[in-house]
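Please walk through this model chain by chain. Keep the sequence and the 3D view side by side.

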Amino acid sequence: MAEESKPPQESESSQPEQKAATPAPPAKSAPASTAPAAAKPVAPAAKAPAPLQIPLDSELVRRYRERFGAAILDALEDRKQPYLIVECAQLLEIARYSRDEEKFDLLEDFTAVDWPKREKRFDLVAILYSFAHNARLRLKAVVGVEEHPASLTSIWPTANWLEREIYDMFGIEFSGHPGLKRILLPDGWQGHPLRKDYDILQQDTAWVRENLGIESGQ
Amino acid sequence: MQDDALQNNGTLLGADELVLNMGPQHPSTHGVLRVKLKLDGERVRGTECVIGYLHRGVEKIAENRTYQQFAPYVDRMDYVAAVSNGLGYCEAVEKLLNVEAPDRAKVIRTILTELQRIASHLVWLGTHALDIGALTPLFYCFREREEILKIFEKYCGARLTTHAFRIGGLQYEAYDEFEKDVERFCKDFERRIQDYADLLTGNSIWIGRTRNIGVLNAADCIALGATGPILRAAGVKWDLRKAQPYAAYDRYQFEIPVGTNGDTYDRYMVRMEEMRQSRLICLQAIENIPAGPIFGKVGKVIKPAPGEVYHAIEAPKGILGYYIVSDGSTQPYRVRIRPPSFVNLQALDTMIRGHLVADVVAVIGTLDIVLGEVDR
Amino acid sequence: MNATLQALLQFLQTWWVELVCGVVIVAVVPLIAGYVVLVERKLMADMQARLGPMRVGPHGLLQPIADAVKLLIKEDIIPRDSDALIFWFAPVISMVAALTSMGALYFGPSFRVAQGINIGILFVIGVSSLGFLGIILGGWASNSHYSIIGAIRSTAQLVSYETAGGLAIIAALLLAGTLRISAIVDAQAEQRVWFIFLAPVGFFIYLVASIAETNRAPFDLPEAESELVAGYMTEYSGFRWALYFLGEYANMIVVASVATTLFLGGWLRPFPNVHWLNWLDGLPPLIIALAGIYSIYRAGKQPVWVQSWFMWAVAFACFAVAAIFAAPIAFAPLRFALPGLNGAFWFLVKVSAYIYVFMWLRFTLPRYRFDQLMHLGWYILIPLAIVNVFSVGVAMLLESEFGWNRWLALIITTAFTLAVSVYLVHLHDKRAVMASTGRGVISDSYAG
């Protein structure tokens, strides 16, 4: 079981250099060749650093793979924090297994991330904690716009408001939720703000005009 | 979960339930919180919380600011305990960058965070006692809190929204009399906390108003995600500062206070004891603040490698978590803040069922919510 | 015409003292009540480590005047759907009840409106409890959820604790043997001891009951801010609200006066009629002079010269009053005024002490929840008061029929009453633990 401990500095910092070198040589060499005056390469500050995810193959991951097989799409570790990418259809089953067998009894957080350029744009992220093992695990499920993932409220009642917030901010509807409606924004609001295509300055001007009686400044 | 009981009008006389609205403006809801109470006479049969009055879109703003620019925003969430929010955020980004703050910075961070925990609990105690009718503890608590805010003001110039920490360490060196001020406060505080205990702990009216009110047992706590003093009062001896130490907490000795019943009185005792333990941590810390730099190896431009990290701390209200996703640019791709008050407030429905209307105020007070954190 | 004028003049001639005293009560008592509010605010501030009103007048002494003016010039808001006549009338009833009951109280030897009546105490308690009409009518006329709930609660509380208080008073009445106020105090003078020492349980029950009757903390749930805003007073503003508020404080003065008369010896000095303690008659001017000396001492510590000057003025006033009190002792021709002056002094001191205890309890104790409040009234105080009546009665019987020493009989019966009270409190604790949960739904959320 992977624990969170302070990562040793040296091994981690050397890795990005190696990883950075392989995927991005064309980007690095181009500016260096076209800027002869800048003899010193200032590349480390200018280029985007490469990702730090490494594939994970621990006891825990093996148990999950054994139980769910192909539903576990991937198992990675990022900065010493393990996470599993799972099939959305099996999320409920995997969650139940996590709570009952693997003793992840606390759903610490349940949220989503929007990657609009992907075909299935949303990442549902559930962060689980186990008191018995003092360890965390992240479950990620890839969800498309029209999909209705199963609600986790039957397993962890705390998911009630967390899922309402995901629905409010991203527009992901959960099937089987006892009362899915907006929580932070007013009930009649149009639009889902945390999606990347919702501009930072955008507002539901119709709602503002109707309910507050003012012209929204945005 | 909460609506099925509300649809059943199964009262004795077949009478309809009365819906009493504790509106957004109410002297005791600690901010703009609307609670719809379904009453059967005086007994509460169910509640529905309407929140979002203070929603400012902090998570969306985070995607449009650089990492350093976003740091002052987190203070405004739990504005009663701004320093803790800052600690969680800075440590999360430091994890994302794979750097650590130097020792001296960690210790000073610990001291300031523990002082902030005391200040937050003092606000809680004063307002909670006021809601239940004890007028005097409020003023005593705010008098002590004033001393802490003076220390913060001397340190970073602000009392409430401090932005005390930076990503990578601290910006300001501890001022000259920092240790003396903290020590003087801690020495004085022991007697003061005894004053509050004398006023409330053995008072039969206080016990009558808080014993067996708002009971939440351990299984319910974990199921509903309620953490912090609520979980400890239910009997679970667990504190993130001991389970997964951050900052300099692994160097100091302190106890985790635990309750037995999970009622309001136990939460009161747990928070009082937490204040005492925070005081002890501060006293241990100021004895030996290591010398050295206060800022780690973090450049002016923060561009973490693409990836994600989740870091949680034990804020005064519960577990405060930051889930930050980076796409390699100077602005975070997604910042998710796991607010303890939001998750704890969900437990209100379970805690208040079957109690009287006069207890609603006591239970909301014992949850110790800050609407800035609930709504973000 | 001449006959009516003649009759009117005759009436005035007989009753002019009473009329003037009545006018004085109506005019002065609200002002006094206003200053009691100021004292409460300053006392609250002192116990809360702050200063209280300081701006309006020196040390806030003109605060009540400023508040009264502000309330008088406020807009008169009457809710649209309320019953306007009753809305207008309700606070008046409250105030009138409090002021009328004051008519029978004895503030001084020649201050009489109705002191001579032979049902003195009954009159005072009966009329002051008519104030509940003002509360219930005000709550109903406001046409608001919160108001009616607050009014009903307040009324229920008043009625319950009125019963307990009334039963507690009987103990002192048994000891005095009469309802006439002057006779009760004379009985205490005759027995050379205040009745609080003979019937302590009765005093304590009356203390608690009077706190509940005046809606003071810890029994102020009906009007607590964090509960129902202000209960029956929610819709009232401006001077209507001031009438309610002043009525409450006037009620406090009435209740304190009743307790003083019955239990604390009225206008008698401590250990009245004990000859070798007659030097205690010289205490009033001494105490006032001490207050003056303390003012001089504080004058030196004031940071600003204006405040020093004010303290000197206070000291001067104290010495002047002390001189007035000392004059009858020093000059024999003025000796006739001694009982009156001293009596007024002791009466005021005792009433003030009683009200001080009210205020002290308000700032220290949290509030009782309404069901706990009613439980305390009906399950503890009323049974205890009934037992107390019986025990004092038995003690009187033992003294008169069997020739027991009065003190011995009372001590024995009081011990019995205290044992009963301990038992009742023990029962209350056990019951409270069981009653507070009352949850019909057992939480089973973890099982989903």
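This is a predicted model: local features need pLDDT of at least 70, side-chain atom pairs count only at pLDDT 80 or more; totals for chains, interfaces and linings use all residues.

Residues are numbered from 1 along each chain as its sequence is written, chains are lettered from A and ligands numbered from 1 in the order in which they are written, and side-chain values use heavy atoms, without hydrogens and water.

Start with chain A. Six strands form an open sheet there, in the order 1-2-3-6-5-4, with mixed pairing. Strands are DSSP runs of E of at least two residues, helices are runs of H or I of at least four, and both are numbered from the N terminus. Two strands pair if DSSP finds at least two bridges between them. Strand 1 (53-55) and strand 4 (106-114) of chain A each have a single partner strand, so one side of each lacks a neighbour in the sheet. Neighbouring strands are turned by 25° against each other on average, direction ignored. Strand 1 of chain A runs antiparallel to strand 2 (residues 72-78) of chain A, and three bridges join them. A:Gln53 sits opposite A:Asp78 of strand 2 of chain A. Helix 6 (residues 159-170) of chain A packs on this sheet. It touches strand 4 and strand 5 (122-130) of chain A, contact meaning heavy atoms within 4.5 Å. The direction of this helix makes about 5° with that of strand 4 of chain A.

Chain B has an open sheet of three strands, ordered 1-2-3, with antiparallel pairing. Seven bridges join strand 2 (residues 34-40) of chain B to strand 3 of chain B. Among the residues here, B:Asp40 has B:Arg43 in strand 3 of chain B as its bridge partner.

Now look across the chains. A:Lys181 forms a salt bridge (side-chain nitrogen of Lys or Arg within 4 Å of a carboxyl oxygen of Asp or Glu) with B:Glu48, the closest N and O atoms being 3.2 Å apart. A:Lys181 lies in the loop between helix 6 and helix 7 (205-211) of chain A, and B:Glu48 in strand 3 (residues 43-50) of chain B, so the pair joins two chains. Over all chains, the structure holds 57 salt bridges.

Finish in chain C. Helix 6 (residues 145-176) and helix 15 (residues 370-402) of chain C pack at about 15°, with axes 9 Å apart. Axes are lines fitted to C-alpha atoms, for helices over the stretch in contact, and angles run from 0 to 180 degrees between N-to-C directions. Helix 6 and helix 15 of chain C are therefore roughly parallel (angle under 35 degrees).

Methods: Angles under 35 degrees count as roughly parallel, over 145 as roughly antiparallel, 65 to 115 as roughly perpendicular and the rest as oblique.
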